[in-house]
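Morning, everyone. Please have a look at the model on the screen, and then we'll walk through it chain by chain.

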Amino acid sequence: MSEEVAAEILTTHILDLARSGRRLDGRGLDDYRKSSVVPGFVASADGSALARIGETAVLCGIKLEPGKPYPDTPNAGTLTTNAELVPLSSPMFEPGPPHPRAIEVSRVVDRAIRAAETIDLTKLCVTSGEKCWTCYVDMHVLDHSGNIIDTASLAALGALAHTTMPNVRFGVAEADAPLAIQHYPVECTFARLGEAIVIDPSVEEEGAANGRLTIATDEAGNVVAMQKGLIGAFSPDDVKSLVDRAFRHGDRQRRLAKDA
Amino acid sequence: MGSGHRPGPPSRGRGGGRPPPDRERQLVLPGDEIDAHGLQPGPGTYRVHGRTYASVLGLIQHRPPVVRIVPLSGRYIPHAGDVVVGTVTDVQGTFWLLDIGAPRWAPLHMTGTPWKIDFGETENYLRVGDSVVVAVESLESTGRIGVTMNGDGLGKLEGGTIVTVSPARVPRVIGRGGSMITTLTRHTGAKISVGQNGRIWIDGSEEAIRRVTESLRLIDEEGQRSGLTERIASYLTSTEAPAEGLMPGPAPPTRAEREPEGEPPEAEDEPRLEE
Amino acid sequence: MGSVGAKDVPVLMSPDGKRIDGRRADELRPLAITAGALKQADGSAFVEWGANKVMAAVYGPREVHPRHLQQNNKAIVQCRYNMAAFSVDERKRPGLDRRSQEISKVIAEAFESVIFVEEFPRTSIDVYIEVLQANAGTRCAGLVAASVALADAGIPMVDLVPAVAVGKVADSIVLDLKKEEDNYGSADLPMALVPQSGRLVLLQMEGHMTRDELHRALDLGVAGCRKIYDVMRQALLDKYRADGPAPGVAA
């Protein structure tokens with residue numbers, strides 16, 4: 001793990017560049033890397049999408065299986081989100097139990113999906129208090145070249161938006177039907193590099209960052225989830241201006257997932 | 001994407017023999033039998049029952065008394081005498097451990113520095129995250145890579161930045177007779193130190209660093225194609241500031257020009273077509 | 001990994017010798033390999049084989065973690081074969097089950113048999129296989145992907161290692177089982193070949209075969225491995241051919 005000690009002069013260089021509004025890979029402070037969403041990547045899933053932001057790649061697969069509603073929400077289905085930072089994706093990740101970082105990615109993406117009411121969980125109820133669908137959102141990180149959260153969120157939304165409910169297979173209805181999507185949340189992550197704040201940090205920038213802020217927005221103009229991460233701090237004014245940036249980029253990113 | 005194969009007739013005749021290596025470019029894969037021309041098996045090859053095979057992916061090179069394979073990929077494999085750029089990953093009482101991109105971390109003992117250090121004082125000289133230029137001094141059968149900071153052009157790096165390219169690209173970054181480095185320094189005025197391990201230190205104005213970085217990215221991606229030096233020169237010319245472009249005055253002297261002998265010696269070992 | 005709901009056993013072999021997907025007994029499923037599919041890994045490959053999709057990555061040789069696994073005289077080869085939760089019909093719980101651990105072990109041993117591990121004492125060569133979509137034969141697909149990834153990572157080894165499963169369905173010995181054949185067939189025999197030596201470095205078997213059938217199965221598997229070997233080679237040549245000095249470069 002500690003094999004990945006960042007060279008201090010590289011970190012300093014990244015901070016120097018940011019001070020004059022530049023970045024290591026030539027992007028401007030507010031430039032996102034090229035993003036793409038390929039839906040239907042995995043036929044064994046009920047829905048799936050491979051999302052890429054730059055060289056970062058996350059594959060999300062959706063599985064719907066019959067389950068039992070929670071006692072306190074007898075008329076709703078359930079949603080389970082899980083992210084795997086498999087050691088294939090980065091020299092920093094090792095085999096073993098889920099790293100706290102993987103848990104953070106799942107939780108942050110889960111919050112956005114849930115809070116935005118991306119899917120209407122009551123529609124996943126089959127028989128009140130008895131039978132419902134459990135919707136599993138499994139995100140598999142394949143290449144960690146920075147900004148896993150946004151890539152995972154894009155993959156999850158792309159996968160949900162292209163999911164078919166396996167009604168026939170489980171004898172729930174006569175025909176399969178598309179999973180209805182109500183809202184389209186996406187995450188936008190920023191990294192503080194000195195006094196500059198860049199969007200969509202690369203893995204090198206994450207290593208140099210003093211603070212990371214993720215803001216999830218929906219298409220209706222709501223902020224639906226936030227997460228401040230890494231060591232560092234943001235002022236309320238920082239956050240206000242980042243929210244504007246998150247909406248600007250979010251609208252483009254959610255179209256990628258929706259129209260893929 | 002990828003190479004497709006639909007089951008059907010085999011793609012080439014293999015009457016019991018093995019596929020011939022692609023002779024035109026001498027690119028071989030592990031397991032390919034190679035024509036040793038009577039030479040001894042060198043690095044990247046092995047011999048079984050009198051036949052010589054490649055063990056790594058790369059280009060064949062007949063360099064009497066051995067035939068060897070110049071790898072086109074993989075981690076940096078150190079050789080004694082290599083000058084490399086490393087980063088401190090650990091500090092101990094009498095030595096530091098350096099990540100030089102090799103299979104193992106390389107210990108730099110305090111006696112291998114120009115400093116007079118007392119036991120336990122190592123951290124006052126180099127800390128985790130500091131970068132250095134060192135030379136590979138010894139390679140032991142245990143895999144231990146001994147490095148030293150005593151020598152011309154070796155020492156702690158201050159300022160500038162580090163760009164990493166594939167170690168297989170280093171001969172291209174240097175160019176034949178140092179031509180690529182000369183081109184880069186002449187057009188940008190940057191100071192450049194090329195480690196054999198593919199880590200390259202660049203110092204100069206922000207603009208100079210940016211243009212060298214972009215050039216190195218092109219070299220890393222375009223690799224061994226012909227005319228690379230010309231294309232890099234043309235990129236650098238096209239990105240010159242107008243004032244510079246109008247008056248291409250002499251660039252400030254650069255490290256490479258001042259100390260051409262300081263360049264790593266492997267530049268001429270660049271794989272080439274069969275002579 | 002049976003599908004939900006009892007179904008009748010499908011017709012696995014038609015009277016004119018065609019299999020459930022129309023293949024002949026000695027025919028492989030379509031196979032496509034991309035060498036160098038990932039940025040972070042030292043070497044990688046993506047394999048699409050029939051309805052299997054498998055990604056493999058190699059890191060190393062690098063420092064061993066945990067350190068007590070270090071070997072004084074050679075590199076250790078560690079393998080992690082893992083199936084994504086969504087790779088099979090019924091969601092698989094994340095994490096390595098006993099099957100995955102066993103497959104990881106035999107694949108690591110197969111590679112340690114061909115890698116020149118003594119060149120890198122006290123280091124680790126880490127092989128990671130992620131099955132993204134499974135349809136029988138994933139250990140072979142994973143091994144093929146990992147072998148290409150090892151070559152892409154510049155690891156010295158005796159040869160590339162093609163692998164394939166042979167099985168018995170409806171009393172016929174057939175090459176490269178797909179899911180229905182695996183579920184309803186009567187034998188499964190995955191193997192991995194070192195073409196340079198003609199020896200097998202992975203061999204497992206489950207089911208019933210007579211001596212004669214086993215002989216034929218081995219021969220069929222070796223012939224299949226040689227076809228797969230060509231595709232593996234081509235994937236690497238496709239990636240690296242552009243890297244060689246272009247013809248006509250003055251030396």
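What percentage of the 251 residues of chain C count as buried? The figure is 59%. Buried has a cut-off here: 20 or more other C-beta atoms lie within 10 Å of the residue's own, while 12 or fewer makes it exposed and anything in between partly exposed, with C-beta atoms placed from the backbone.

Some ground rules. This is a predicted model, where local features need pLDDT of at least 70, side-chain atom pairs count only at pLDDT 80 or more, and totals for chains, interfaces and linings use all residues. Residues are numbered from 1 along each chain as its sequence is written, and chains are lettered from A and ligands numbered from 1 in the order in which they are written.

Scores next. The model has ipTM 0.93 and pTM 0.89. For chain C, the average pLDDT, which is the predictor's confidence in each residue from 0 to 100, is 93. In that chain, 93% of the residues score at least 70. Where pLDDT is low, the predicted coordinates should not be read in detail.

Back to the build of chain C. It has 4 helices and 10 strands. Both are DSSP runs numbered from the N terminus: helices are H or I with at least four residues, strands are E with at least two. From the N terminus, the order is β-β-β-β-α-β-α-β-β-α-β-β-β-α. Its C-alpha atoms fill a box of roughly 60 × 50 × 35 Å along the principal axes. Take the contacts in chain C with a separation of 6 or more: 71% of them join residues 24 or more positions apart.

Now chain A. It comes to 5 helices and 12 strands. Its radius of gyration is 19 Å, close to the 18 Å from the globule rule for 260 residues, so chain A is as compact as a globular protein of that length. Its C-alpha trace spans about 60 × 40 × 35 Å along the principal axes. Buried residues make up 49% of the 260.

How many residues does each chain bring to the contact between A and C? Chain A gives 31 and chain C gives 28. On the chain A side, strands S3 (56–67), S4 (78–84) and S6 (131–143) each give two or more residues. S6(A) has the largest share, with 5 residues. That side divides into 13 nonpolar, 9 polar and 9 charged residues. For the classes, Ala, Val, Leu, Ile, Met, Phe, Trp, Tyr, Cys and Pro are nonpolar, Asp, Glu, Lys and Arg are charged, and the others, Gly among them, are polar.

On to chain B. Its domain assignment, automatic or from a database, gives domain 1 (27–71), domain 2 (83–156) and domain 3 (161–269). The contact takes 10 residues from domain 2 of chain B and 11 from domain 3 of chain B. On the domain 2 side, S9(B) gives the most, with 3 residues.

Let's zoom in on a sheet. In chain B, 3 strands form an open antiparallel sheet in the order S3-S6-S5. S3 (33–34) and S5 of chain B each have a single partner strand, so one side of each is left without a neighbour in the sheet. Two strands pair if DSSP finds at least two bridges between them. S5 (residues 45–48) and S6 (residues 51–54) of chain B pair over 4 bridges. B:Arg47 stands opposite B:Thr52. The hairpin has 2 residues between these strands, and B:His49 takes a positive phi near 50 degrees.

Last stop: B:Lys156, in strand S14 (residues 155–156) of chain B. Buried or partly exposed? B:Lys156 is partly exposed, with 17 other C-beta atoms within 10 Å. Leaving out residues up to four places away in sequence, B:Lys156 touches B:Leu126, B:Asp130 and B:Val132.

Technical notes. Contact = placed C-beta atoms within 7 Å. Rg over C-alpha atoms; globule rule 2.2 N^0.38 Å.
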